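Student: I have a model open on my screen and would like to go through a few of its details. Could you take me through them?

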Amino acid sequence: MLKHSMKWPTGLALLSASIASCLGTSAGAASFSSSGRLGKVTVVAKRLKRGEGLSHRQVFNSAETVTTIDRAQIRAAGPLAGGAQLASEAPGVNAYGYGGVSGTARYEIVARGIKVGWSSVNGDVERNGLTVLMDGVPMMNMSAHNGGWDSNEIPISALIQNVNVIYGTGNPLTRWYDSLGATINYIPVQPTPRAGGHVGVMYGSNSSYEENAVLRTGVHDGWTGVFGLGYQDNNTFRTGTFKAPSHASAFYGKITKLIDSGSFSVGAYVNRATEYRPNFIPLNPIAGINTDGVNGTGPIYSQPTTGYYSSLDKSVWFKRLKVNSQIIYGKLLFNLDTNVTLHDTLWYRHGYREHYRITNYVPNNNNNSEFYNPYSDTYGDRTYIQWALPHNLVSFGGWIASETYNTVYAGYNTAMGTTPLAPLYYNSDYIYSTFLNGFVQDHVTLGSKFAVTPGIAMVQYQTRTFNNGAAEFPNAPATATNQTSTPNVFKRFTKLETSIDARFQVNHTMAVYGNYSITYQNPTDNAFGAYVTSPIDLSSLKAIRSNDGEVGVKFLFPHFGILRQAALNADVFQTTISDETISTYLTNINLIKFATASAKIQGATVEASARPGFNWHVYANLTYLRSTYQSFIPGGSSTNYGGYPISNSPKISATFGGVYRFHLAGLSYRLTAQDQYVGSRYLFSNNLGAPTYQTMPSYNVVNATLQSTIGLGDEGSLSLTAGVDNVLDTQYDPTAYITSGGYFGGNSTNAILVDPGAPRQFYVAATWNF
């Protein structure tokens, strides 16, 4: 493992390093001395390495279920992959969306049945129940139900070095305000001791194009930096006259100063994405649902009649989406003493979204257009101290995050005399959120094999909303409707969170572990009245509660028969979520349905990887999920759908992949193949505002790439890649729901609407590494 200049117990040092990598912070950096005992470059490399992904040893030493997605798996996802596809490489994590393999489109990410992101399908047990971090810094909108985080905020996979995933709520040190199902930390490329970088370009199907570059400065007088940028654009794979051009870009930079007593760094991440979202298509023909509008003269619009990948003309329906975000952050690690280390992360995030939609599908629709451009500004600071004792590693501290969120929306029809400035439907709420957290945890080692970590955290969630709709739209006609009817409100939740984890190392290759926690999450903006045309009962609103527990076993074999290295992790888990207020968005009719609910999610995961010789690397994971609502009562209904399955959560999901390296004619090659399987999923009914027993079929998608590398001597190397996504040209529908009839009108109520996944796609890429 890592050499340490301080006299920390080995288990504590490994735990600290594991926590640091999970967070993307620099915990454990105090253990690296610049004393010169090792070579200078070696010491610097070890001090910088803490920002990278988890090693097999760090996973093995953790009492939580954690995993890391390395560069091999990132390459397997393909050069066009965005944040959602990268996360789906992790066990039990699925990505559903309408963009094929693309960083420009939005997807939802589901981990153990709990979700973040949006693909225009309702039925989530928890809409924003996963925390997403960039280099350990929160990317989440703190209060938005719609747009808490969008996957095309991470459009360029070449800028990502690793993705670390902590399943469940984690312990207090690694937990954030949305960490109910998992915490996903995207680790960007990190500074290195020596200068270097790459420049890459990619061309593919559907006019796909990407260019990216990374530059590492190396270390100069203790300073080191890394800068990366990328741009991607593509057309839709959907057939029709409108090509739906989309594009996205990202920039990342980080400068680190290494000092004798620690380090500090300043980083920035900026992304821009603009996409044309394709429309849903009926799974089966519906009388009167034609390509030129409801009860039109064109062909019946459905997958069997107009083609599996067909779409409507732009003159009939289009929706343009913009997603922008900027993050600026600073990190400090300072050794207060030989065994006391201070960590601090300060950040600012600005988020902006824009939805511009016009639908002429349903005639005489007085709300055929929408312009929706919410924004948010978030400030936060997280400080904690780690104190290493002979048999304890005590961590204590906390964080504060404050956000201003404005929800500007205008619904109108210019042909009927209304405009974005004088709309028929409008909304503008200012939502002020302040989240506070203070925690302490103590990792106690009892002998050489057993360790336990109890922890507590006090959290407080403050939400204040101001209904600013009338002031925002003074020119709205007298007949206009303010989508928020609730007046200004304020609500505060103060909760005590408790957790414990334990680990017993049976021998040098096997360990068993378990953990349990009780945590809370603040409800999202709809629960406080945003976008809701009927009054809400604030007195009955509760913080969402999660009871999360798991037990597991881990094996790590440095040498195992013919295998150079092998690892196997298996766990069973149960999460109970209660006191939920679930929102259902209904298209084109300006209505949100509510439901009160509680749910139980149970399952098991097995993850394995091995290196049978230098040439091979194989990996596989399998997740079984049994997720049901304990209670689900739609608003205005007395029917309880308790016992119904949670929608959009497959019972079985699996990934199998391998990498084979070989040499031929003086060149080195890397062949990668991967198969992802998603089991059948239950559908949600917008008409009932409730789950159902109707299902969509399972599917599996195979991707493959072949990369050759040409050495260029002192000039570095040139990598040439050819790849195929969906090798078998599988036809599948990753997103589907039962419509209430608002999308297409006519007699489409209770029909199944789908978004197909992409057919077979090809690409070629070239990268100069220097």
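Student: Which strand holds Ser583?
Tutor: This is a predicted model, where local features need pLDDT of at least 70, side-chain atom pairs count only at pLDDT 80 or more, and totals for chains, interfaces and linings use all residues. Residues are numbered from 1 along each chain as its sequence is written, and side-chain values use heavy atoms, with hydrogens and water left out. Strands are DSSP runs (E, at least two residues), numbered from the N terminus. Residues 565-586 form the strand in which Ser583 is found, strand 30.

Student: Is Ser583 buried or exposed?
Tutor: Buried means under 20% relative accessible area and exposed over 50%, with partly exposed in between (1.4 Å probe, protein chains only). Ser583 has a relative accessible area of 6%, so this residue is buried.

Student: With which side chain does the side chain of Ser583 make a polar contact?
Tutor: A polar contact is a pair of N or O atoms within 3.5 Å; within protein, one must be able to donate a hydrogen and the other to accept it, and residues adjacent in sequence count only if both atoms are side-chain atoms. For Ser583 the distance is 3.3 Å, and the partner is the side chain of Asn526.

Student: Where is Gln161 found, and is Gln161 buried or exposed?
Tutor: Gln161 is found in strand 7, which covers residues 160-167. Its relative accessibility is 12%, so Gln161 counts as buried.

Student: Which residue has its backbone nitrogen 3.3 Å from a polar atom of the Gln161 side chain?
Tutor: Here the side chain of Gln161 supplies the polar atom. At 3.3 Å from that atom lies the backbone nitrogen of Gln190.

Conventions: Helices (H or I, at least four residues) and strands (E, at least two) are DSSP runs, numbered from the N terminus.
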